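Reader: Hi, I have a protein model open and I'm a bit lost. Can you walk me through how some of its parts pack together?
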Amino acid sequence: MTENQSIAERCRDANCDLVRLLFVTQSGAIRAHAVDASKVETAVEDGVTLSQLVQTYNALGVRDKDGRFDAAGEVRLCPDSETFRALPYAERTGAMLCDVETLDGDPWTVDPRSSLRAFVERLRADGLAPEVAFESEFHLFETDDDGTVRNVDERGAYLTKSTRETHETVLATIDALKAQDVAVEKYYPEYAAGKHEIVTGHAPGVRAADEHVLLRETVDSVARDHGYRATFLPKPFDHATNGCHVHLSLWDETNRFHDEDEGLSRTARQFVAGVLDHAPGLVALTAPTVNSYARLRPQLGATAFVCWGRGNREALVRVPATGQSDDPEATRVEFRAADNTANPYLALLGLLAAGYDGIERELAPPESVSIDPGTLSAAARRERDIDRLPRTLGAALDALEGDEVLRDALGADLFETYLGVKRSHWKAFTDSAVSWERERLRDVY
């Protein structure tokens, strides 16, 4: 494939008869329209008509009927031809990532992908181009005919035995990612039974989010081809979690997060301070489902407290260690309170906006934390200004609603639409909880 090839020629050379147009809604769900290869150039030039209502469905597939959109509005799904890939797991099928535009051809202010791109361009103009990697965890499992769910592997705890049962599936997943030009750096079985992690390479802003979408699609599709099911759910089973750690640095000609003497630069520290300052509202974007808050609890290897530390996996922001042979410019920060139910474009937009606010305001982070904050007493945490993250999605949404920096970064239309969709998700949960509580209490009394 060459840059001068038309999208129709790329489809022909890749033997693609069908092209999926991928986009991610406020719920974090990946959705698609598909066009025949004979219509793909028209789709790129003119877009594909799409109902505005698609952006108002929550994670349960229920429309936010109190939202700003109704059945009368339409927009256009606009595929980005530079993102074209042949899908190695789907016969004669390709895919492109999409923006959403108005019928007049302007960026739709509710579209997460184009909103992220606009913010990334703002950062680049300030000499702060983001390099990002989404580090995703997932579980492989099987379902019996009676609906019983079984972990593929009961070992866990990073044992080599845990790699054997699913070795062919993992290899096929890695091959499929590489075939889509997604760099793979390493793989390992994670702590819990049936849990796996494939680490992909860093990529510039929007492309990193695009590649995360491709990874989610690839893992799920290859698992099904091999007779398994995959889940990215933050708390899929008892004693198991799945996170999506976001690794990030900012660049001009060099890594702005690296300092030869201190290791972590003043710019990086200001960025960390901004993330900590906006953490309560930020997690409504990065951990955006009810299930997310079953993961964000003390001493689960995720994070529950607003703090940062070098190599500290219980901190909200971790500064990973770099090896003696690593390029010094590998310096980066890792945000740990994110999971795969997030819309990656919105999660990254919120994270960048929070950190950039810290840089603009020249904030200084508190003292780094070198121990598990969950082992400290409540008094000791108060003394060190280590706050608890919101315990529920509802509390996180309240914090987001009051965060003017994140509101400005998303823009009023996207911000209000997102809040509405997530409020409907929270309401569905609280309504069902009332029903569950009533049924349980009838059994008791």
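Predicted model: local features only at pLDDT ≥ 70, side-chain atom pairs only at ≥ 80, totals over all residues.

Reader: At what angle do H6 and H7 pack?
Author: About 85°, with their axes 6 Å apart. H6 covers residues 266-277. That angle makes H6 roughly perpendicular to H7.

Reader: OK. Which residues of H7 meet H9?
Author: Leu282, Leu285 and Thr286 do. On the H9 side they meet Leu346, Ala347, Gly350, Leu351 and Ala354. By class, this contact has six nonpolar residues, two polar and no charged ones.

Reader: And are H7 and H9 roughly parallel or antiparallel?
Author: Roughly antiparallel. Their axes cross at roughly 160° and come within 8 Å. H7 spans residues 279-286, and H9 spans residues 344-360.

Reader: Is that crossing left-handed or right-handed?
Author: H7 passes H9 in a left-handed crossing.

Reader: What about H3 and H9, how do their axes cross?
Author: At roughly 25°, coming within 9 Å. H3 is residues 112-125. The angle is under 35 degrees, so H3 is roughly parallel to H9. The crossing of H3 and H9 is left-handed.

Reader: Which residues in H3 take part?
Author: Pro112, Arg113, Ser115, Leu116, Phe119, Val120, Arg122 and Leu123. They meet Tyr345, Leu346, Leu348, Leu349, Leu352, Ala353, Tyr356 and Glu360 in H9. The residues of this contact divide into 12 nonpolar, one polar and three charged.

Reader: Let's zoom out. How many helices and strands does the protein have?
Author: It has 13 helices and 19 strands.

Reader: How does the radius of gyration fit a compact globule?
Author: It agrees, because a compact globule with 445 residues would have a radius of gyration near 22 Å, and the protein has 22 Å. Along its principal axes, the C-alpha trace spans about 65 × 65 × 50 Å.

Reader: New topic. What does UniProt list for residues 14-105?
Author: An unreviewed UniProt entry lists "domain: GS beta-grasp" there.

Reader: How much of that stretch is helix and how much is strand?
Author: Over residues 14-105 the chain is 8% helix and 38% strand. The end C-alpha atoms of the stretch are 30 Å apart.

Definitions and conventions:
Residues numbered from 1 in each chain as written. Heavy atoms only, no water. Axes fitted to C-alpha atoms, helices over the stretch in contact; angles between N-to-C directions. Helix = DSSP H or I, 4+ residues; strand = E, 2+ residues; numbered from the N terminus. Parallel < 35°, antiparallel > 145°, perpendicular 65-115°, else oblique. Left-handed = near helix turned anticlockwise from the far one by under 90°. Contact = heavy atoms within 4.5 Å. Nonpolar A, V, L, I, M, F, W, Y, C, P; charged D, E, K, R; others polar. UniProt positions renumbered as here; feature names shortened; annotations may be inferred. Rg over C-alpha atoms; globule rule 2.2 N^0.38 Å.
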